[in-house]
Amino acid sequence: MTAAGATPAGHREPADLLSPDRFAALSGLLEHHYGLYFDVSQRTALSAALRDRVRELGLARVDDYCDRIRTLDARARDAELRAAVNLVTVTETCFFRDPAQFRLLKEHILPALLAAYAGRPADAARTLRIWCAGCATGEEAYSVALLLWDMGLFLAYPDWTFHVVGTDLNARALEAAARGVYSARAVRGVSPEYLSRYFQKIGTTYRLNDEIRRRVRFEAGNLTKTPLRAPASAPQDVVFCKNVAIYFRPDAVRRLVASLAETLAEGGYLLLGHSELLPGVPRGLELVEYQGAFCYRRVTPPHPAVKAVERRRIAHPKAGPAVAVTAGPPVAAPQAVPAEGPAGLAVRDDEYERCLDVFRSGDWAGAETRLRVLVAAHPSFVPAHLLLGGVFAHHAQYDAAVAQAEQVLALDALEPRAHLLLGMVAARRGQRDDAVALLRRTLYLNDALVLAHFWLGNLYRDRGDRHRARLEYENVVRAWERGTLDLTEQYAADLTAAQLVAFCRASLQSLAPRE
Ligand SMILES: C[S@@+](CC[C@H](N)C(=O)[O-])C[C@H]1O[C@@H](n2cnc3c(N)ncnc32)[C@H](O)[C@@H]1O
């Protein structure tokens, strides 16, 4: 550790910027306690988020804040970290975010659960539990309650108890949730009838009526605590955990999904955000698709002797019926790859195919090991750099992914897949303007790379530019219909072209022009 604010070279950071070692220490604590991952590109953003707290404590430098936390005893440190979390978590949300998933809840999940429970003995408790984990300021949990109310379930099933609980790490967000008063932006997805029926307009704000508010309970909770405690410590019928794990590293996402799966009742449903579905279906869950929206359902874990069906695929309309994909055969360990020369090139190409197979089987660590050997032997072999870059990007190792893209651009400045990789990394890092520019450049070089349209669609949608977002999603669907879609599988993990198109169609429905 260096003196406060000073780098090893003696250069002093500005008072409001964490020095690299303090950034590493503080981001390490936030990740350890809450799963929140900040990569080095977020040093300025993390420092800025903490500025008010630093001032409130009368400290001169943001580095002093980090040092102070580290001198506190465990209890005081936890309290201070909780205060920090209120400042550094992203609580962006709105009512009926992702309408396709609410349609899935209304038209598929709730009817299925009610039908299954109706078959229970009359004396069995009829309780339906819905948990919004990482609920931020409450819009998601209230949207669920609004839906239940509007479906008439509270009246039609008087002998049932419906528990809707929202939990979050951010105490300030939970206070706002309990108030139930929202901005016009938060209610932008609420239909005019719901708005007039269930909200009271007060000045520029919208207050949710008490009848709906009292149907939802809010509690503090950390989703990375093990063992994970669900509300009331009871099995849950539906768990929403959307746009929480986007701030976690892939291993933490896998652990979170496994813990959430454990909290589900048999036949219970888990709904994640678009970008949070995992490669391969986790053990004990099956993937359910309903009109372009996806969720997991808890099933009895398969007997170990039965080969696990990894996931269901939706077939291309022209490619015959849906197929289930099983894990492929084990792949041989990496070998030294001979250098260039005709024989060497044939071996190189075979080895690349093997890397692709390993990557497709979901064994990214195995693919990475083989690819490192391959690029060392063939430093100008572009496909290996791109695939290795894709593997790094999936692991959120963004600097390493960028380095691979840059090596490719040094060989061929117009390689569109390298620009695409840079664009996707910028988007994941939240560098939105850079991402838009890079993705546009990608499409200028090759318009068939639909992942660029897809990411641009997401970026425009997040900016509220519905028109442009629609155009981008339409491009994906059109490429699929024309048969010109190029998935760039090295960046799509196990997302199939059909799933990508289904996402885009669902997004198009949710972005349909309002009447
Ligand atoms: C972007 S909001 C998502 C809100 C809502 N689920 C949605 O999709 O609109 C992410 C929320 O996750 C919460 N969060 C992040 N890490 C968490 C953790 N370890 N435990 C509980 N909540 C967490 C944050 O405080 C934030 O309110």
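Trainee: What makes β4 and strand β5 (residues 205-208) count as a pair?

Mentor: In this predicted model, β4 and β5 are joined by 4 bridges in the antiparallel sense. One place to look is Lys 201, which stands opposite Tyr 206 in β5.

Trainee: Why is one side of β3 (181-182) and of β4 (199-202) left without a neighbour in the sheet?

Mentor: The open sheet has 3 strands in the order β3-β5-β4, with antiparallel pairing. β3 and β4 stand at its edges and each has a single partner strand, so one side of each has no neighbour in the sheet. As a general point, the strands of a sheet pair through backbone hydrogen bonds, in either a parallel or an antiparallel way.

Trainee: How do you know in which sense β1 and strand β2 (residues 161-168) run?

Mentor: β1 and β2 run parallel and are joined by 7 bridges, and in β2 the bridge partner of Thr 127 is Thr 161. β1 also runs parallel to strand β7 (residues 236-241), to which 3 bridges join it, and there Ile 130 has Val 238 in β7 as its bridge partner. Because pairing needs at least two bridges, both the 7 bridges to β2 and the 3 bridges to β7 are enough.

Trainee: Why is strand β1 (residues 127-133) described as largely enclosed by the rest of the structure?

Mentor: Of the 7 residues of β1, 6 are buried, so the strand is largely enclosed by the rest of the structure. In the protein chain, which has 515 residues, 39% count as buried.

Trainee: Why is Ser 510 called buried?

Mentor: Ser 510 has 22 other C-beta atoms within 10 Å, and because a residue is buried at 20 or more, the name applies. Ser 510 is found in helix α20 (residues 497-510). Apart from residues up to four places away in sequence, Ser 510 touches Asp 98, Pro 99 and Ala 100, and its C-alpha atom is separated by 9.0 Å from that of Arg 97, although these two are 413 residues apart along the chain.

Trainee: What makes Thr 263 buried?

Mentor: Thr 263, whose place is in helix α11 (residues 250-263), has 23 other C-beta atoms within 10 Å, and because the cut-off is 20 or more, Thr 263 is buried. Leaving aside neighbours within four places in sequence, the contacts of Thr 263 are Leu 228, Ala 230, Pro 235, Gln 236 and Val 239.

Trainee: How do you know how the reach of helix α13 (residues 364-377) compares with what is expected?

Mentor: The 14 residues of α13 reach 20 Å from the first C-alpha to the last, which is close to the 20 Å expected at 1.5 Å a residue. The buried residues of α13 include Gly 366, Leu 371 and Val 375.

Trainee: Why is the ligand said to lie between domain 1 (20-88) and domain 2 (99-298)?

Mentor: Both domains give residues to the shell around the ligand, so the ligand lies between them. The ligand is surrounded by 26 residues, of which the closest are Thr 89, Thr 93, Gly 134, Ala 136 and Lys 242, and by class the shell has 10 nonpolar, 11 polar and 5 charged residues.

Conventions:
Residues are numbered from 1 along each chain as its sequence is written. This is a predicted model: local features need pLDDT of at least 70, side-chain atom pairs count only at pLDDT 80 or more; totals for chains, interfaces and linings use all residues. A residue is buried if 20 or more other C-beta atoms lie within 10 Å of its own, exposed if 12 or fewer, and partly exposed in between; C-beta atoms are placed from the backbone. A residue is near a molecule or strand if its C-beta atom, placed from the backbone, lies within 6 Å of it. Ala, Val, Leu, Ile, Met, Phe, Trp, Tyr, Cys and Pro count as nonpolar, Asp, Glu, Lys and Arg as charged, and the others, Gly among them, as polar. Domain bounds come from an automatic or database domain assignment. Two residues are in contact if their C-beta atoms, placed from the backbone, lie within 7 Å. The expected span of a helix is 1.5 Å times one less than its number of residues.
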